[in-house]
Amino acid sequence: MLETERLILRNWEESDAESLYEYAKDSEIGPAAGWPAHKSEAESLDTIKNVLCGKEAYAVCLKEDNKAIGAIELMFKDHVYKDDECELGFWVARPFWGKGLIPEASREILRHAFEDLGVSKVWCGYYDGNEKSKRAQEKIGFKYHHTKENVDVPLLGEKRTEHVNCMTKKDWDAICNTTKK
C-alpha cells in the first residue's frame, strides 16, 4: 500500500468490482486509453482477477472512504525496453477529473519506482486525442520521446497514433530537488 496526502494506492480486491464497474462503464474512460467500457459488474470482477492483478497494480482510493475511483500501475513486461524500466498506466473516474488526483498518485508511484524498486526509466504514453492524459503526463514531469503511427489497439480492434513520453531517475531527482526548494 502507498499513501499520499489525499489518496491510498492499494491492491485491488474482488469487493471493488461494484465501484470499478460504476466508473469503468463510462465511455469517456476506457476507449480513450485503449480498452472498451465495461458492460457488467461481472466483467469488472473478471478485470480485477485477470488484468488488475499485477504486483504493481493499484486501486486509486480516496482516504475518506477507501473506494476505488481509478487505477494506476507500473508494468514490467513487453511494454519496456530494458529490465530496469517500466511503463506507467493510469486512469481516474470522470467525477474526479481536474482535481489533481492522478498527478498526486503518479508522483507517489514514481517515487516508489525510482526509490524502492530501483527503476532507471519510466515510460508513459497516450493516444492521439486523449488530451487529459497528455496534460496529466506534462504536469507529472514526463518528457516527450517519440510518436508511433498505426499502433495496434487490440481490445478495440483498431490502429491509432501513440505519443510516448519518459522520465529517467535523473529527471525524477531534478523534480524532487526543485520541489524541496
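Is Glu-104 buried or exposed? Select Glu-104 to begin: at 11% relative accessibility, this residue counts as buried, where buried means under 20% relative accessible area, exposed over 50%, and partly exposed in between (1.4 Å probe, protein chains only).

Before moving on, note that this is a predicted model, in which local features need pLDDT of at least 70 and side-chain atom pairs count only at pLDDT 80 or more, while totals for chains, interfaces and linings use all residues. Residues are numbered from 1 along each chain as its sequence is written, and side-chain values use heavy atoms, with hydrogens and water left out.

**Stop 1: a bridge across the chain**

Helices (H or I, at least four residues) and strands (E, at least two) are DSSP runs, numbered from the N terminus. Arg-6 counts as partly exposed, because its relative accessibility is 33%.

**Stop 2**

Now select Leu-62, in strand β3 (residues 57-62). With 13% relative accessibility, Leu-62 counts as buried. Leaving aside neighbours within four places in sequence, its contacts (heavy atoms within 4.5 Å) are Arg-6, Leu-7, Lys-67, Ile-69, Phe-96 and Leu-101. Draw a C-alpha to C-alpha distance from Leu-62 to Phe-96: the two are 10 Å apart in space and 34 residues apart in sequence.

**Stop 3**

Asp-16 counts as buried, because its relative accessibility is 5%. Beyond its neighbours within four places in sequence, Asp-16 is in contact with Arg-10, Asn-11, Ile-48 and Ala-68.

Select Ser-44 in helix α3 (residues 41-50). Ser-44 is at 0% relative accessibility, so it counts as buried. With neighbours within four places in sequence left aside, Ser-44 is in contact with Ala-17, Leu-20, Tyr-21 and His-38.

Gly-30, in helix α2 (residues 30-33), is also at 0% relative accessibility and counts as buried. For another C-alpha to C-alpha distance, pair Gly-30 with Ile-102: they are 72 residues apart in sequence and 15 Å apart in space.

**Stop 4**

How many salt bridges does the structure hold? There are 13. One of them joins Lys-148 and Glu-162, with the closest N and O atoms 3.6 Å apart. Lys-148 lies in strand β7 and Glu-162 in strand β8 (residues 158-168), so the pair ties together parts that are 14 residues apart in sequence. Lys-148 counts as partly exposed at 33% relative accessibility, whereas Glu-162, at 13%, counts as buried.

Then pick Asp-173 and Lys-169, whose salt bridge has its closest N and O atoms 2.7 Å apart. Both residues lie in helix α6 (residues 169-180), four residues apart, about one turn of the helix. Asp-173 is partly exposed at 30% relative accessibility, and Lys-169 is partly exposed with a relative accessible area of 28%. Elsewhere, salt bridges that share partners join Glu-108, Arg-111, Glu-115 and Asp-116 into one network.

**Stop 5: two backbone angles**

Most residues other than glycine have a negative phi. Select Asn-66, whose phi is near 60°, a positive value in a residue other than glycine. Asn-66 sits in the loop between β3 and β4 (68-75) and counts as partly exposed at 33% relative accessibility.

Which residue has a positive phi near 55°? That is Asn-150, again a residue other than glycine. Asn-150 lies in strand β7 and is exposed, with a relative accessible area of 56%.

**Last stop: strand β7**

Finish with Glu-149, which lies in strand β7 (residues 143-153). Glu-149 counts as exposed, because its relative accessibility is 55%.

Terms used:
A salt bridge is a side-chain nitrogen of Lys or Arg within 4 Å of a carboxyl oxygen of Asp or Glu.
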